[in-house]
Amino acid sequence: MIKMENQVVDRFIGYVKINTQSDSKTGLTPSTPGQITFAQKLAEELKGIGLEDVELDDNGYVMATLPSNIDKEVPTVGFIAHMDTSPDFSGKNVNPQFVENYDGGDIVLNEEEKIIMSPEKFPGLKKYQGQRLIVTDGKTLLGADDKAGLAEIVTTMEYLVNHPEIKHGKVRVGFTPDEEIGQGADYFNVEKFGADFAYTMDGGELGELQYENFNAAFAKVVVHGISVHPGSAKHKMKNSMRIASQFISMLPRHETPEHTEGYEGFYHLLSINGSVERTELEYIIRDFKKDRFEDRKTEMEHIVRKVNAEFGEGTVELELKDQYYNMRERVEPVLHIVDMAEEAMKEVGVEPKIEPIRGGTDGARLSFMGLPCPNIFGGGHNFHGKFEFIPTQSMEKACHVILKIIEKVSATEK
């Protein structure tokens, strides 16, 4: 089997040390300066390894081409990953640690602060006994979401450039900003990218292969109150925080992330910011089935009407915005691209796990923009927090899968 572990790991370690957290409040694209810095680095790196048509646009999107080295016309396949890391947990001064030959026990991430990652709490660790793991120092996230995907794509492209005896068609790569804040596909030029289909390397553990994801919406609830001195407030005060808590309690209490799994949807309260006079709630709404997704939005509107009927019209205002939809609708007509990825995994010794994404990827929106785009594992676990880790062998396997897909595409005809 082709050896790429050292190359992909070295590249990954360099990537995660660059702070690329996105920020939904800046109103910019990319939303943070670290992403432009990283995009510039990636563009130079792609030129340096020998890719062609390397382009970094004003919005921070990077695209490049591995030219075909065969004399027949085959489909153009793309591989896509995102440059930003989640704003949910610090991505500054990431200090990755190696666990060699993991023994299956507790991993001390930070001895001073007594931060321990235990297989009792994270049973997925047990699968990787005897392997080499990359973990955090307990103070930041790791950034495998999605710098593992970036490292895997670039490493595989470099291998193909250096081994022209491996025959392949045209391959396009694309790196996006701001995926973590739902804006990764906002300015992605599908026509310029020019692929017939693509894969995002943005999944989790070894073997994940996904072509279903949530339908997603964002909801902002604003509750207006009236502030009056509490000593003379009877029949005058409207405490927006109390009204907001009533609104919260009227949503189904067990339809939340901590109570759901598989194909079950939810309402997720992201934040509360309040005073007597004004309280804001931010929610995300998720469901796989389109009709149930619409029902959830309708239910929220219904609760707003009920609260306003009790406390006065205009007490509660609701702003709903759809974010993305289930890619299954657009991938099913070309399901052979999922089959191809599944076969590729099996042929390199990876057991495919075809399951829905309880979230979203750039691929969901890109699929609706005309670029069918299933999602493949990058190898990481426990994203968006200090317990994030990635087995190095999973990263190498992801490179093998990319290679095998390219091989399979090159054996087809357009």
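Predicted model: local features only at pLDDT ≥ 70, side-chain atom pairs only at ≥ 80, totals over all residues.
Biologist: Which residues does the UniProt "binding site" annotation cover?

Modeller: The annotation covers D145, E180 and H384. It comes from an unreviewed UniProt entry.

Biologist: How many residues do they span in sequence, and how far apart are their C-alpha atoms?

Modeller: They span 240 residues in sequence. Yet no two of their C-alpha atoms are more than 9.8 Å apart, so they gather at one spot.

Biologist: Which of this set are in the lining of the largest cavity?

Modeller: D145 and H384 are part of that lining.

Biologist: Let's take D145. Where is its place?

Modeller: D145 sits in helix α3.

Biologist: Is D145 buried or exposed?

Modeller: Buried. Its relative accessibility is 8%, and the cut-off for buried is under 20%.

Biologist: What does D145 touch, leaving out residues up to four places away in sequence?

Modeller: H82, D84, T85, E180, D202, F383, H384 and E388.

Biologist: With which side chain does the side chain of D145 make a polar contact?

Modeller: With the side chain of H82, at 3.0 Å.

Biologist: Now E180. Where does it lie?

Modeller: E180 is in the loop between β8 (171-176) and α4 (190-193).

Biologist: And why does E180 count as buried?

Modeller: Because its relative accessibility is 18%, and buried means under 20%.

Biologist: What does E180 touch, again not counting residues up to four places away?

Modeller: S22, H82, D84, T85, S86, P87, D145 and H384.

Biologist: How many residues of α3 are buried?

Modeller: 16 of its 19, and the helix is mostly covered.

Biologist: Switching to the sheet. What is the strand order?

Modeller: It is an open sheet of eight strands, β1-β2-β8-β3-β9-β16-β10-β15, with mixed pairing. The edge strands are β1 (52-56) and β15 (353-354), and each pairs on one side only.

Biologist: How many bridges join β3 to β8?

Modeller: Six, and the two strands run parallel. Strand β3 is residues 77-82, and it holds H82, the polar partner of D145.

Biologist: Which residue in β8 is the bridge partner of A81?

Modeller: F175 is the partner of A81.

Key: Residues numbered from 1 in each chain as written. Heavy atoms only, no water. Buried < 20%, exposed > 50% of the residue type's maximum accessible area, 1.4 Å probe, protein only. Helix = DSSP H or I, 4+ residues; strand = E, 2+ residues; numbered from the N terminus. UniProt positions renumbered as here; feature names shortened; annotations may be inferred. 1 Å grid on protein atoms, 1.4 Å probe; cavity = no way out; pocket = protein on both sides within 12 Å on 5 of 7 lines; lining within 4 Å. Contact = heavy atoms within 4.5 Å. Polar contact = N/O pair within 3.5 Å; in protein donor to acceptor, adjacent residues only side chain to side chain. Pairing = 2+ DSSP bridges.
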